[in-house]
Structures are given as structure tokens and as C-alpha cells.
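Please look over the sequence and the structure shown here, then read on for the overall picture and for two residues in more detail.

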Amino acid sequence: CLAAGHMTKLHIKKGTSVIRGKQLVKVIGCNDENREPVKLSAKGLTVKAHAFTASAVEQIQANGGKCVLLNPVTGEDLKMD
């Protein structure tokens, strides 16, 4: 999987923050060599980003996690009603 063309894999442990500076971050879902969705090893992650693909949301939520959209200007959490 590629994240913004800079990383091939990102291993995140619970309680870890990844800060990307002032760049916008889009989280994409990943498939294995058989084109099957990759199963995440970490459970209950809260992932904050400016955009998510539908497959990324499915993979994160399937492991008990949640996705939080960020305002691209302020970086604050967007309130979703």
C-alpha cells in the first residue's frame, strides 16, 4: 500500500500519533496480492485524516476503529451530524 507516495507500509501501535505536517492526508484501503482486503492487526484505532476511501473506512471499522475527518484548513475534527 502506498500512502501519499512516501511510505510503502505504516505500522501503527495503539496510542501512537503520526503527524504529517501541513500536508493533507488521505487514508486508502489496502489489498493483498490476491486482491483481498488486508486485515488490520491493531484493534480499536481512531484514525484522523482529511479524506478516506470507502475501503479504508470498511477496514478500519471492521476492526472496531473509527474514522474522523479533519478540516483541511484548521486541522480540527469535523463535527458530523
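Strands, in the sense used here, are DSSP runs of E with at least two residues, and they are numbered from the N terminus. By that reading, arginine 35 is placed in the loop between strand S1 (26-27) and strand S2 (46-49). The model is a predicted one, and the points below are grouped by topic.

**Overall picture**

- The protein has one helix and four strands, and along the sequence these follow the pattern β-β-β-α-β.
- Of the 81 residues in the protein, 17% are buried, while the protein exposes about 6500 Å², of which carbon and sulfur atoms supply 54%.
- Among the contacts in the protein with a separation of 6 or more, 32% are accounted for by residues 24 or more positions apart.

**Arginine 35**

- Arginine 35 counts as exposed because its relative accessibility is 71%, and the cut-off for exposed is over 50%.
- The phi of arginine 35 is near 65 degrees, which is a positive value in a residue other than glycine.
- Most residues other than glycine have a negative phi.

**Glutamine 59**

- Glutamine 59 lies in helix H1 (residues 54-62), and this residue counts as buried because its relative accessibility is 12%, where buried means under 20%.
- The side chain of glutamine 59 reaches the backbone oxygen of cysteine 30 at 2.7 Å.
- Leaving aside residues up to four places away in sequence, glutamine 59 touches Gly29, Cys30, Pro37, Val38 and Leu40.

Note on methods
Residues numbered from 1 in each chain as written. Predicted model: local features only at pLDDT ≥ 70, side-chain atom pairs only at ≥ 80, totals over all residues. Heavy atoms only, no water. Buried < 20%, exposed > 50% of the residue type's maximum accessible area, 1.4 Å probe, protein only. Polar contact = N/O pair within 3.5 Å; in protein donor to acceptor, adjacent residues only side chain to side chain. Contact = heavy atoms within 4.5 Å. Areas by Shrake-Rupley, 256 points an atom, 1.4 Å probe, with all protein chains shown as cover.
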